[in-house]
Amino acid sequence: MEIALVGIGEIAKAQHIPSIAASPNWKLAATVSRFANLHDVPNFTDFDEMLSACPNIRVVSLCTPPVPRFNYALAALKAGRHVMLEKPPGATLSECQTLLDVAKDQGVTLFSTWHSREAVMVQSAKEWLAGAIVHDLQIIWKEDVRRWHPDQEWIWEPGGMGVLDPGINALSILTEILPDPIHIRAARLDVPEGRQTPIAAFLEFAHPHGATVTADLDWRQTGPQTWDIKAQTDKGTLHLSQGGAVLEINGAPVNAPHNHGEYLCLYTKMANLVAKGECDVDLAPLRHVADAFMLGHRATTDPFDW
Ligand code: NAP
C-alpha cells in the first residue's frame with residue numbers, strides 16, 4: 001500500500017522512514033513537510049494538495065506533535081483515508097473521540113499507536129502479571145530532555161505535555177500489562193518557571209486491592225537513562241527495564257522472543273487493521289495524563305533553557 005508521512009522530524013527520520021522502507025506492506029509515496037526533501041519521494045508543503053493530487057495514497061501516517069495533528073487527521077479521514085497517529089494520539093481526549101467517530105462514519109481505519117507496547121518483553125510481562133496479585137508497582141522513567149527532544153519548544157507549550165510526553169510511554173505499558181483497573185488519585189507536577197508543562201511529575205494511582213502504584217517521571221536525568229517498571233507480587237518480583245526491552249522475574253533474566261522492532265510491529269499492525277477494516281484506538285494512557293493535569297498539584301521549579 002502507498003502511504004504518506006506527515007511531519008518529517010525526529011521520530012519520522014529515526015523510526016518511521018526506516019520502518020516503512022523495511023516493511024513488505026508499505027511504499028512511502030509522499031511526504032508532507034515544510035522542509036524535508038527525501039530522495040525519490042515527492043514532497044508536498046500543503047496537506048490538502050497532497051490529498052487531492054494523490055488519490056492512490058489511501059493511508060496517512062501523522063508524525064507531528066499532538067496539537068497540530070488533529071486538523072491533518074480530520075482532513076485525511078474526511079477524504080476517506082486511513083490514518084495512523086503517533087503517540088500521544090491527540091492533545092485532548094475529546095478530539096481523539098471525534099476522530100474515532102469520523103473514522104467509523106467514513107468506514108476507514110484509525111490506529112492510535114503506542115510504540116512502547118511493542119517493546120520485546122511487554123507481552124511476557126503481561127502474561128506473568130496476569131496470574132499475580134500485585135502489592136506494589138513503581139514506574140521510574142527518568143531521561144534527559146536535551147538529548148531526546150533537542151530544541152523542541154512544543155513540549156513546553158499547552159498540549160505538549162512536558163515530561164508526560166515520554167511518561168505516556170510508561171503509562172501505555174502499564175495499562176497493557178496490569179490486569180487491574182486503576183486511576184490517578186494524586187499527582188505532583190513540577191513546572192519550570194515561565195513554562196507551561198512539567199519537567200518532572202509524580203503520579204499516585206488508586207488500585208482496587210489497595211496496591212501501591214506510582215510513577216516517578218523526570219526529564220533532568222543526565223548519564224544513564226532509566227525506563228523501569230518494578231512490581232512486587234505474591235509470585236515474586238518483576239523488573240521490566242530499558243523501556244520494555246529487558247525482563248527479569250525474581251532476579252533472573254527472561255529470554256527475549258524474536259521481534260522486528262517497535263515501529264515495524266506498528267506498521268504491520270496498521271496493514272492488518274486496514275485489511276480488516278478495523279480501528280484500534282485505546283485512550284487509557286492519555287486518560288491518565290489528562291487526569292494528572294486535572295488533579296495535579298503544580299509546583300514551580302527552576303527555569304529551563306536548552
Ligand atoms: P519534532 O521533531 O519536533 O516534530 C516533528 C515534525 O512535526 C516537525 O519536524 C515538523 O515537520 C512537524 N511539526 C512540528 N510542529 C508543527 C506545527 N506546529 N505544525 C505543523 N507541523 C509541525 O517532534 P518529534 O520528536 O518527531 O515528535 C513528534 C511526535 O512523535 C510526538 O507526538 C512525540 O511524542 C512522538 N515521538 C517522539 C519520539 C522522540 O524520541 N522524539 C519518540 C517516539 C514518539 P516538518 O518540519 O516536516 O514540517
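**Around the ligand**

Author: Helix H1 (10-22) and helix H3 (66-78) each contribute at least two residues to the shell around the ligand. Helices here are DSSP runs of H or I with at least four residues, numbered from the N terminus. The model is predicted, so local features need pLDDT of at least 70 and side-chain atom pairs pLDDT 80 or more, while totals for chains, interfaces and linings use all residues. Residues are numbered from 1 along each chain as its sequence is written, and side-chain values use heavy atoms, without hydrogens and water.

Reader: Which helix gives the largest share of the shell?

Author: That is H3, with 4 residues.

Reader: And which residues come nearest to the ligand?

Author: Ile8, Ser33, Lys87, Trp154 and Asp165 do, out of 24 residues around the ligand (a heavy atom within 4 Å).

Reader: Which backbone atoms lie 2.8 Å from an oxygen atom of the ligand?

Author: A backbone N or O atom of Ile8 lies at 2.8 Å from a ligand oxygen, and a polar backbone atom of Lys87 is also 2.8 Å from an oxygen atom of the ligand. A polar contact is a pair of N or O atoms within 3.5 Å.

Reader: What about the side chain of Arg34?

Author: An N or O atom in the Arg34 side chain is 2.9 Å from an oxygen atom of the ligand.

How values were computed:
A polar contact is a pair of N or O atoms within 3.5 Å; within protein, one must be able to donate a hydrogen and the other to accept it, and residues adjacent in sequence count only if both atoms are side-chain atoms.
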